[in-house]
Amino acid sequence: MKVLLVKDVYKLGRAGDVKKVADGYGRNYLIPQGLAVLATPAALKQAENIRGKAAALRTQANQEMSGVAEHLANLVLTFPAKAGETGKLYGSITPVMIAEEIKNKAGVDVSRRQMDTEPIRTLGEHKLHIRLTMDLVPEVTVIVHREGENPLQQGAAAPAAAAAAVEEAAVAAEAAEAVEAVEVAE
């Protein structure tokens, strides 16, 4: 099915573009939500008009949100969490928790759907992108540290230290097996 996009659609295209989409996606989502119309000859004549209006709206939205984007790009969020020796969390830091922390620190309402991230399940520093508009996607730094520890002290060294601890345990296990094998052979 060919549709003419009336509004910008994330991961599909910009307003005024003609796209070929699955029938169900067009019929059940794009058209009822007012994001697209069927690509008929009459609708195609309006494509340039739609592109012009959308470009004007896009630049206006980008100007309004540019200050917010700069503020979010400098934002560092820290989350204390319980974690095992390997750096794996008991639980996770979800996009909802991150959105609440952004609202508390920056005063900006961000939906969890605007974030391109899965729940965070490891200690360390993580970067995530927040889609304010199709063109403005600031990067926020999230630091997850153990409860009771200083987040600056741990930083990016946590995953490396966890990997070293796992490697040391594996070497120790191999050494123990070698000692057992020697004792059995005697």
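Helix α1 (residues 23–30) carries both tyrosine 25 and tyrosine 29, which sit four residues apart, about one turn of the helix. Please keep in mind that this is a predicted model. The two rings make up an aromatic pair of the stacked kind, with 5.7 Å from centre to centre and 10 degrees between the planes. The structure holds one such aromatic pair.

| Residue | Relative accessibility | Class |
|---|---|---|
| Tyrosine 25 | 33% | partly exposed |
| Tyrosine 29 | 39% | partly exposed |
| Threonine 133 | 16% | buried |

Threonine 133 counts as buried because its 16% relative accessibility falls under the 20% limit.

### The sheet

Let us turn to the strands. An open sheet is built from three of them in the order β2-β1-β3, with antiparallel pairing. β2 (18–20) and β3 (36–38) are the edge strands; each has a single partner strand, so one side of each lacks a neighbour in the sheet. On average, and with direction ignored, neighbouring strands here are turned by 40 degrees against each other. Strand β1 (residues 2–5) is joined to β2 by three bridges, and the two run antiparallel. Within this pairing, leucine 4 stands opposite valine 18 of β2.

In soluble globular proteins, nonpolar side chains tend to be buried together. In this model, the largest nonpolar core has 25 residues, and Ile98, Ile102 and Ile130 have the most contacts inside it. Two or more residues each come from α3 (47–73), β4 (76–81), β5 (88–93), α4 (95–106) and β8 (139–146). Helix α4 gives the largest share, four residues.

Which residues does isoleucine 102 touch, leaving aside its neighbours within four places in sequence? Its contacts are Leu72, Leu75, Leu77, Gly107, Val108, Val110, Met115 and Ile130.

Where does threonine 133 lie? It is found in the loop between β7 (124–129) and β8. Its side chain reaches the backbone nitrogen of leucine 136 at 3.0 Å. Setting aside neighbours within four places in sequence, threonine 133 is also in contact with Ala61, Asn62 and Met65.

How values were computed
Residues numbered from 1 in each chain as written. Predicted model: local features only at pLDDT ≥ 70, side-chain atom pairs only at ≥ 80, totals over all residues. Heavy atoms only, no water. Core = buried A, V, L, I, M, F, W, Y, C linked by side-chain atoms within 4.5 Å. Buried < 20%, exposed > 50% of the residue type's maximum accessible area, 1.4 Å probe, protein only. Contact = heavy atoms within 4.5 Å. Polar contact = N/O pair within 3.5 Å; in protein donor to acceptor, adjacent residues only side chain to side chain. Pairing = 2+ DSSP bridges. Axes fitted to C-alpha atoms, helices over the stretch in contact; angles between N-to-C directions. Phe/Tyr/Trp six-rings, centres within 6.5 Å; stacked < 30°, edge-to-face > 60°.
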